[in-house]
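Open the model in your viewer and keep the selection panel at hand. The tour goes from one stop to the next.

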Amino acid sequence: MKEFHCGSLVPGCDWHTRAEEEAEVMRRAVEHMREAHGEDIIRESMVDAIRSRIEKVRDAA
Ligand SMILES: [Zn+2]
């Protein structure tokens with residue numbers, strides 16, 4: 001499982017997402033950036049910033 005906490009990038013935001021694949025976490029994170037933070041254009045630097053903050057998490061059933 002991979003997890004991304006938006007608050008690690010946007011202080012004060014407590015949105016987070018978790019998915020099996022990093023690509024899916026990225027997809028959701030980009031969508032969230034657009035919808036919640038008005039980032040119409042997701043730059044490469046933003047993608048890198050998100051990717052570097054995605055954490056591997058243990059599966060907890
Ligand atoms: Zn956010």
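How many aromatic pairs does a search of the whole structure find? The answer is 1. Keep in mind that this is a predicted model.

**Stop one: the rings.** Select phenylalanine 4 and tryptophan 15. Their rings form an edge-to-face pair. The centres are 6.4 Å apart, with 65° between the planes. The angle counts as edge-to-face because it is over 60 degrees.

Now colour by secondary structure. Phenylalanine 4 sits in strand β1, residues 2-5. Tryptophan 15 belongs to the loop between β1 and β2 (16-19). The pair therefore ties together parts that are 11 residues apart in sequence.

Buried or exposed? Check phenylalanine 4: it is buried, at 0% relative accessible area. Tryptophan 15 is partly exposed, at 26% relative accessibility.

Select residues 22-37, which make up helix α1. Its 16 residues reach 21 Å from the first C-alpha to the last. That is close to the 22 Å expected at 1.5 Å a residue.

Show side chains for Val25, Met26, Ala29, Val30, His32 and Met33. These residues of α1 are buried. Look down the axis: the buried residues fall within an arc of 160°, so they line one face of α1. An α-helix has 3.6 residues a turn, so residues three or four places apart point the same way.

What do the buried residues of α1 pack against? Select β1, β2 and α2 (44-53) to see their partners. Then turn to the other side of α1, where Ala23 and Glu35 are exposed.

**Last stop: after the helix.** Pick glycine 38, which follows α1. Its phi is positive, near 65°.

Methods. Residues numbered from 1 in each chain as written. Predicted model: local features only at pLDDT ≥ 70, side-chain atom pairs only at ≥ 80, totals over all residues. Heavy atoms only, no water. Phe/Tyr/Trp six-rings, centres within 6.5 Å; stacked < 30°, edge-to-face > 60°. Helix = DSSP H or I, 4+ residues; strand = E, 2+ residues; numbered from the N terminus. Buried < 20%, exposed > 50% of the residue type's maximum accessible area, 1.4 Å probe, protein only. Expected span 1.5 Å × (residues − 1). Arc of directions from axis to C-beta. Contact = heavy atoms within 4.5 Å.
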